[in-house]
Amino acid sequence: MVDIKMTFEKQINNPAEIPEIMPYQRPLSKELQGLAFESGAYSRYKLDTRLVQGEFEKLYRIWIKKAWESNSVLEAPDLQGMVTYSVEDKAAKVGLIAVSKQSQGKGWGKKLMKAAEAKAFSLGAKTIEVSTQESNIPACKLYESLGYKLAEKVYIYHWWRTSKRSR
């Protein structure tokens with residue numbers, strides 16, 4: 001199996017805040033975890049059928065829990081969507097982004113990304129990056145529509161040993 005990871009990057013310079021998008025400040029919920037799973041719909045961890053059942057969910061539960069513990073989750077009203085972010089020095093990264101199925105196509109993805117940019121900028125970041133799979137065309141189009149440029153394309157090969165050689 002070959003997976004192509006696309007990393008997009010953008011310079012951020014005094015972006016406008018998005019008032020509808022707020023920090024997620026409630027307990028870690030099944031709804032938030034559900035959005036984390038939704039964010040991984042194109043993930044190699046979900047699509048590789050040779051991974052043990054439940055590993056994708058385990059990984060994404062850990063990912064959203066760490067973002068929640070570090071207060072790095074922003075949410076759309078009524079948890080229609082969420083985005084996680086991190087800032088180190090002057091560089092920010094978007095970790096997970098998802099919009100609930102019933103709220104897709106209503107501009108929440110753009111608002112969440114813009115809110116992550118504004119939050120990262122307020123914390124000192126000058127650049128922001130986000131990664132996705134090449135097969136996730138909706139996400140690639142979203143990032144490009146917001147001015148993100150392709151910074152890196154990495155081919156990831158999944159190699160699985162099928163059997164031991166006889167001696």
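Exposed means a relative accessible area over 50%, and buried means under 20%. The model used here is predicted.

**Exercise 1.** Is Q133 buried or exposed? List the contacts of Q133 beyond four places in sequence.

*Solution.* 
- Step 1: Q133 lies in strand 6.
- Step 2: The relative accessibility of Q133 is 11%. Buried means under 20%, so Q133 is buried.
- Step 3: With neighbours within four places left aside, Q133 contacts D3, I4, K5, M6, Y42, S43, R44 and C140.

**Exercise 2.** Describe the largest nonpolar core. Which element gives the largest share?

*Solution.* 
- Step 1: The core holds 29 residues. I21, V94, M113, I128, Y143 and Y148 have the most contacts inside it.
- Step 2: Two or more residues each come from strand 1 (2–11), strand 4 (81–88), strand 5 (91–99), helix 4 (108–122), strand 6 (127–133) and helix 5 (137–145).
- Step 3: Helix 4 gives the largest share, six residues.
- Step 4: Take Y143. Not counting residues up to four places away in sequence, Y143 touches F8, I97, M113, V130, T132 and Y148.
- Step 5: A second core is separate and has 13 residues, among them L35, Y60, V73 and A98.

How values were computed. Residues are numbered from 1 along each chain as its sequence is written. This is a predicted model: local features need pLDDT of at least 70, side-chain atom pairs count only at pLDDT 80 or more; totals for chains, interfaces and linings use all residues. Side-chain values use heavy atoms; hydrogens and water are left out. A nonpolar core is a set of buried Ala, Val, Leu, Ile, Met, Phe, Trp, Tyr and Cys residues joined through side-chain atoms within 4.5 Å. Buried means under 20% relative accessible area, exposed over 50%, partly exposed in between (1.4 Å probe, protein chains only). Helices (H or I, at least four residues) and strands (E, at least two) are DSSP runs, numbered from the N terminus. Contact means heavy atoms within 4.5 Å.
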